[in-house]
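Subject: Structure handover

Hello,

Here is the structure I promised to pass on. Please open it first, then read my notes below.

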Amino acid sequence: MYRILLVTSLIVLAGCANATTFDTGRSSFGMGRLDFSTIAGGRDMNTQIFGNPFAIPDDSFADSVTAIFNQRNSRAPSNFTTSPGPSARENFRLVLAFNPAQRGSASRLCRDPQALQLDPASRRPIRLQIAFCQGDKDITARRGSLPNATGPQDPAFQNFMAQALFLTQPVTNRRRLDD
């Protein structure tokens, strides 16, 4: 009995070893899932990516991230891309910063993401700050971390990115719908 309990405990602990964490985030009161569908549904979604936690070319990394978003997006069908076409809503974008050197505000991420200082790619855990922006203002924002991943094809990284996207997309605001 003791061996079974010990083995079960070790399996559970091993599963938690690469667990992702996200803060509670923030959401603008006025936005909801229906709004996100209107903004991004069936359109290009401008996706800006700063930093790269892996030793691969930045373009390859950005392509991997947008591919994960396009494959794992369970809400409004959108084309997440770093080169949006004319279908994209000009004032809306998703901004990601990998391994920011300091914990910055989401509004700063929307206002001036190029000004962020980023830590080296080799830094672990992988830290992410992500915001869904309308102009210079954040509609939703999250911070998350992943203890380790070997590259963008690592299932832990793919799940981390899918969770980040899900948590960043505004959810239906029932109070607003009742108005």
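Start with the disulfide: cysteine 110 is joined to cysteine 133, S to S 2.0 Å. A disulfide here is a pair of cysteine sulfur atoms within 2.5 Å. The structure holds 1 of them. The torsion about its S-S bond is about -80°, so the disulfide is left-handed. Cysteine 110 sits in helix H4 (residues 106–111) and cysteine 133 in strand S6, so the pair ties together parts that are 23 residues apart in sequence. Helices (H or I, at least four residues) and strands (E, at least two) are DSSP runs, numbered from the N terminus. Cysteine 110 is buried, at 0% relative accessibility. Cysteine 133 is buried too, with a relative accessible area of 0%. Buried means under 20% relative accessible area, exposed over 50%, and partly exposed in between (1.4 Å probe, protein chains only).

A word on the source. This is a predicted model, with local features needing pLDDT of at least 70 and side-chain atom pairs counting only at pLDDT 80 or more, while totals for chains, interfaces and linings use all residues. Residues are numbered from 1 along each chain as its sequence is written, and side-chain values use heavy atoms, leaving out hydrogens and water.

Now strand S6 itself. Strand S5 (residues 92–98) runs antiparallel to S6, joined by 7 bridges. Two strands pair if DSSP finds at least two bridges between them. Arginine 93 stands opposite cysteine 133. S6 also pairs with strand S7 (residues 137–146), antiparallel, over 9 bridges. S6 and S7 form a hairpin with 2 residues between them. Glycine 135, in that turn, has a positive phi of about 60°.

Next, arginine 127, also in S6. Its bridge partner in S7 is serine 145. At 19% relative accessibility, arginine 127 counts as buried. Arginine 127 forms a salt bridge with aspartate 119, the closest N and O atoms being 3.1 Å apart. A salt bridge is a side-chain nitrogen of Lys or Arg within 4 Å of a carboxyl oxygen of Asp or Glu. A search of the whole structure finds 1.

What about the nonpolar cores? A nonpolar core is a set of buried Ala, Val, Leu, Ile, Met, Phe, Trp, Tyr and Cys residues joined through side-chain atoms within 4.5 Å. The largest has 31 residues, and those with the most contacts inside it are Val65, Phe69, Leu96, Phe98, Phe157 and Met161. Helix H5 (155–168) is among the elements that each supply at least two residues. H5 gives the most, with 6 residues. A second, separate core has 10 residues, including Cys110 and Cys133.

Last, the aromatic pairs. The structure holds 7. Rings of Phe, Tyr and Trp (its six-membered ring) pair if their centres lie within 6.5 Å; planes under 30 degrees apart count as stacked, over 60 as edge-to-face and the rest as tilted. Phenylalanine 92 and phenylalanine 132 have ring centres 6.2 Å apart and planes at 20°, so the pair is stacked. Phenylalanine 98 and phenylalanine 157 have ring centres 6.3 Å apart and planes at 35°, so that pair is tilted. Phenylalanine 98 lies in strand S5 and phenylalanine 157 in helix H5, 59 residues apart. Ring pairs link Phe54, Phe61, Phe98 and Phe157 into a cluster.

Best wishes
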